[in-house]
Structure formats: C-alpha cells, structure tokens
Amino acid sequence: MNPILEIKNLHAGIGGKEILKGLNLTVNPGEVHAIMGPNGTGKSTLANIITGREGYEVTEGEIIFKAKDILSLDPEERALEGIFLGFQYPVEIPGVSMTNFMKAAIDAKRKYKGLDPIKPGEFLKMMREKQALVDIPDKIKNRSVNEGFSGGEKKKNEIFQMAMLDPDLAILDETDSGLDIDALRSVAEGVNKLRSKDNAFIVITHYQRLLDYIVPDIVHIMYDGKIVKSGDKELALELEEKGYKLVE
Amino acid sequence: MQSKEAHQDKVLKEVTEQEYKYGFSSDIEMEQFPKGLNEDIIRKISAARNEPDWVLEFRLKSYRAWVKMEMPEWAHLQIPEIDFNDLIYYSKPKPKKKLESLDEVDPEILEVYNKLGIPLDEQKALANVAVDAVLDSVSVKTTFQKELKERGIIFCPISDAVRDYPELVKEYLGSVVPYSDNYYAALNSAVFTDGSFVYIPKGVKSPMELSSYFRINSAGTGQFERTLVIVEEGGYVSYLEGCTAPQRDENQLHAAVVELIAKKDAEIKYSTVQNWYPGNKDGKGGIFNFVTKRGICKGNHSKISWTQVETGSAITWKYPSTILKGDHSIAEFYSVAVTNNHQQADTGTKMIHIGKNTKSTIISKGISAGKSQNSYRGLVDVKRSAINSRNYSVCDSLLMGDQCGAHTFPYIDVENKSSVVEHEATTSKISENQLFYLQQRGLDEESAINMIVNGYAKEVLNQLPMEFAVEAQKLLEISLEGSVG
C-alpha cells in the first residue's frame, strides 16, 4: 500500500528564515494524524507548504502526494489532485454566493478529470446531502462566502466544503479554535462521517479536547520545525498533562 | 521562486489585458460631409435630415452658445487638445442599390450587426428586445416598431420623431438638458444626429426592453447621438444602450445627450453597457466619451433608475443625474466603471432633491487596473423644499496592481434639517488570502480573480436586465458562475 502523503527531510521558510528544519511525515490511507505543538513551531507553515501557498521557499526535501512529487505544482493543481485545507481563518468573498462558489469548485474538479460540468439538479441534490452531513443551515447557500458567518458557521462551512470536494487528504488547521463545545462536536461529527479507508486527515490543533471527538491514529508533537515525538492517542493526553516540557 | 507580488502582478496583467473584441472596421461606403464645424455644416446636417426650421434654429442657437464656451477642466482627466474642425460631423451609409422597402437594410450593414451579436432581423432577434441600430450618424434599423405601436408606444430614431411627432419633441427636447448646460451638451445640441426617441403613453408598461446600439464605424467621425425618453403617468419602460467602435490609432469623439422625463407614478429604468474602444495598451487611440445624461422625476411617486457598466473609452466624462422634482420620487444610480492600461474615467452622478420625501441611492463600484485613473464624482443636493428626503451613497474602489489610481470626489449640500444623507467609501485590493482560498478549492488564478471581481460588482450587475447582465459579465471577463443560485 502506497502512502497518501510522504514528506521527507523538508526544509522550508519564509523571507530567508528557516521554519521547517528537516520534517518527516508519512500518512497512509485510512489514517487520522494529529499534529500538536506550541505556537510558532511551524504547524501552519507546514499546512501552507503542502497546499502550495505562494511566498514560501522550500530549500530541501520532498513532498510526495499519491506517488507524485507535488512541489512544482500550483495551489489549484494540488487541490485538484485531492488535497484540501480547512482554513484556520476562512476568508470572506463578498458578492460570491456559496452556491456559485461550490459549483465553480466542483466543475473545476470535474474538468480536471475530463468530465462535463455537473448538472444543476444533481448539484443541488449534492448540496442538500452534504449540508445534512455537517449540519449547516440551508440559508448559507445564498449567502456570500463566509460573509457575516459566525465563527462556528465559518468552521462548519469548511467541513461542508470538504464534504463537497471529497479530498484524498484533508488538512484541518486549528479547526477547533474559537469553537464552543456544541460547534466543536458537530464539526467533529462531520469529519468522522467523512472518514474512510481511502482518505486521510491531518488535524492540527493546540488542544487535546478536539481529539476526544476526532480520535487520531497517530499523534505527532512538533517542535522547532520538526516532528520530535510520535505516538498513539495516549501521547496527546500525556502532553496535556505534562505540557511541552515533554519534548523540550 | 518569484516573489508573491511579482507573481500576482503577472496574473493580474494577464487577466486585465484581454484584447478588445469589437475592434474590426467594416468597409461600408459612406456619404460624408467634409471635416469642420461651422454654421454651414449645421445647416447641411439639418437639411440632410429634412428637419423643420425650429430644429435648425435650436441647432444654430446651440452652436452660437458653444462657440463662446470653454472646455470644462475641473475633472480629474488629462484631455489632449481636440481640434473640433478636424472631425466629420455627418456620416451615413451610402445606399448600394434601390432597396425594396423601407424596412430593408443593406446586407453589408446587417453583417456588421451580426458580427457584433445584434441580429437586426426580427426573426432572429431576441423576442423581448426591440433594437434601434445607429451607425455613425444615422439609424439603420429599428425593430419591432409595429408591435410597439399597437400599444401606443413610440420607439423610433429621433430624426423620424422630429418629423412625425414634432409637438412632443419640441416640448421636451432640451427641457432637461438645456443647450447651454455645458460645453459638450451645447456641442451635441448643435450637431446631434441619430439617437432614439421613446414615448410611453399613460398607463402603458412596455412589454419589451427597448434598446439602442451605437456603433462608430468611419475614421475621423464623431458621434453625437441624442436620446429622448418620455414616460407618461403610470407608464414603465426599461431602456438599454450598448456601444462599440473599431480599433483605430486616432482618438474619436462621442458626445451624447440623453434626457429622461418621468411623469406621475411613471418609472424609467435606463441601463448602459459602454464598451467603446478604449485605446491600445500604450494608450494610443480610443474614444473620448463626453456624455450628458439627465432625467427628471417630474411627477409625484415617479422613479428613475440609472445602471451603467463602463468598460470602454480612452476618456469617460459622464454623470447620469436625476432631478427629483415630484414628491416621493425615487432615483437610483448603480455604476461599475472599469479602467485599465491608460484609460481615464471621471464618472458619477448628481441627485438634485427638490420634492418632499424624495429618496436617492448611489452605488458606485470602481475597478482600476494597469496605469489607469478612475474617479467617482457625485453631487447630492438637497434643496430647502425637499423636506424629509434621504440619500444613501456607497462608493467602493478596487485596485488591481499598484500603478493605477482611484479617487472619490463627493459633494454634499443639504439645505434643510429633516433630510438625511449618508455616504460610505471604501478602497480595497484583491487580497492574497482571497486568491489562495479560491485556488485551494481548485480554481486557477484567473478564474479566482474573475470571481472576486464579479462578486465585487454583483450589486450593480444584478440591476441589469438579463440580456445585458450576461454581456456585462463577459465584458468584465467573468465566466458565468453557473446556472443555479
């Protein structure tokens, strides 16, 4: 079985400053990985580099996604290959309705696979199904992307988009931050429903509490640009108890 | 790896540097007057159009006023000197052969309009849009006139109206935009050629969109159309205009006057998709678009709504305005103005509140790219008599790249204490966060930029009738966002 994602000796940074200092990570189909670590240790940088955000420099190492080196791909190509990022701060796009946005995203994906645009009826049915899955209100369909959404709605909307796009690898960047317990629970339920033997998740979080709901197969502790310790879900509990002195 | 900014600039450049699609010129044989502007030329124009004497008098009076006037210089525009004697003021297609009927149009001209996507053949035309097609100085065809006439609606070239409905034209021509109003209005009043005339009788709601399509074809020719729309009590019309011109190296002049009159309970919706040739990317050529558009809400509870999508012209000087004279009258101005390369636009509106409880709304969205300059200029003038009136203005500017300029010049004058005027203005750039967000969902950068721009302009585009909304979206180089939503 080939891994979905393989990162080898990744060195990368921004503006000449090295942030990732030889990071290794292998994610297999069906796995949920949690990455924990203090602020400024490079967790979000890792998410940005995997998804191809402009402005970062990779100086060494490789990122293999589904047996393909993706470092030279544009962000949209990586997305179309099947990488999804759930944003820590979802962005507002005024005047663009969720429906039109999702239709464009679905059609971009279909085009990449050589398929015709989705039929309106089929698309609306898909919207309804996925909405039910992540428990978001129907009214968001006609609202502009993330505009005027509450913090909880924005995060649920990320999970909704993930459900629509059905990625092979989803990276959730602090999806739990700023959520109350009910919103956290419904976000986690959404993720759990989408877990399968073929896809994989990387959940970036500060807090163990999310992992009560999304139970990870492997927990990594990231520190100073590297993964310094990996283990099963017990590691997260241990970390919560002892703090980051565990790895210092 | 290139820097983030450099990369983004490159994409913006690609998106904003699309070629002008309507730049072809057609080799149609034209009858033209010699270059130059004087009383003799004006007499000739009037004679060529078989006009009654009072129209010639109106022209001469206007010309004599114009000669004494100065070109306005208050706009945020750099206008090169214009030699008004180096222009052709009258140019019409020469009939090739004896045409069978008055309805018949020279096939070459039909071809021009087909190429522009405006079929003049009623069989092929959009069923709910009547078109008046104006080529250089004359109207070549007005469709669905008969069907409209059955409801008492008059839709014809203004040259016909002057002869066929002289009382109406005489009463209203120059009543909203007097010949002495400004330099370009005076020029237009002196040399105006075809434009459309619309008359909606009492209580009639036009069953179709009325539309004019203006095309400047000949080199060295100015276009000076004149449009007059009169809607009687309780009537309604939605009127649209579009315009294009061939790609030429020299600048061409377009100076139009549009007058709207809405009586009691009447409503006029006036939409423009302006796509005159903007000049090339080095700023060579393009149309100088100096237009005076004004409507009057004459009766109580009347409404005038202006919507404009301005993407063309080298220079645009245009302020579609409304005089809210009737009590409870309503005026709206929705505008998207796009400037790119070396284009300059100084556009906005004037809302003159005279009647009680009058209400106006201004939504202006500027988009500047390249080395262009884009200005909003608006006046909200609430007279003493206009008690309990309201105005709400929003002026947003979107900058693409860092070599363009966006400017806002709001003027507000309120003479009573019971009225409320609100003005909001924002300036923004397409953020890298927005771009990345859309790309992460699989959209390429060009689609992402188009989607963001489309969203930004949505509030205005939504005001356009469906047929034009599509054209306008394409004009903004935006792919349709899909058939649902």
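This is a predicted model: local features need pLDDT of at least 70, side-chain atom pairs count only at pLDDT 80 or more; totals for chains, interfaces and linings use all residues.
## The nonpolar core

The largest nonpolar core of the model contains 191 residues. Within this core, B:Val198 and B:Leu260 have the most contacts. Helix α10 of chain B, residues 445-461, supplies the largest share of the core, with 9 residues.

B:Leu260 can be looked at in more detail. Neighbours within four places in sequence are set aside here; beyond them, B:Leu260 touches B:Val176, B:Val229, B:Ile268, B:Tyr270, B:Gly295, B:Ile296 and B:Ile304.

## Paired strands in chain A

In chain A, strand β1 (residues 5-14) pairs with strand β4 (residues 56-65). The two are antiparallel and are joined by 8 bridges. One residue of this pairing is A:Gly13, whose bridge partner in β4(A) is A:Glu57.

β4(A) also runs antiparallel to strand β5 of chain A (residues 68-69), with 2 bridges between them. Here A:Ile64 is opposite A:Asp69 of β5(A). β4(A) and β5(A) make a hairpin in which 2 residues separate the strands. In the turn, A:Lys66 has a positive phi of about 45°.

## Where chain A meets chain B

The contact between the chains involves 30 residues of chain A and 25 residues of chain B. On the chain A side, the elements giving two or more residues are α2 (75-81), β7 (93-97), α3 (98-112), α4 (120-134) and α5 (151-165). The largest share, 7 residues, comes from α3(A).

By residue type, the chain A side of the contact consists of 16 nonpolar, 8 polar and 6 charged residues.

Terms used: Residues are numbered from 1 along each chain as its sequence is written. Chains are lettered from A and ligands numbered from 1 in the order in which they are written. A nonpolar core is a set of buried Ala, Val, Leu, Ile, Met, Phe, Trp, Tyr and Cys residues joined through C-beta atoms within 7 Å. A residue is buried if 20 or more other C-beta atoms lie within 10 Å of its own, exposed if 12 or fewer, and partly exposed in between; C-beta atoms are placed from the backbone. Helices (H or I, at least four residues) and strands (E, at least two) are DSSP runs, numbered from the N terminus. Two residues are in contact if their C-beta atoms, placed from the backbone, lie within 7 Å. Two strands pair if DSSP finds at least two bridges between them. Ala, Val, Leu, Ile, Met, Phe, Trp, Tyr, Cys and Pro count as nonpolar, Asp, Glu, Lys and Arg as charged, and the others, Gly among them, as polar.
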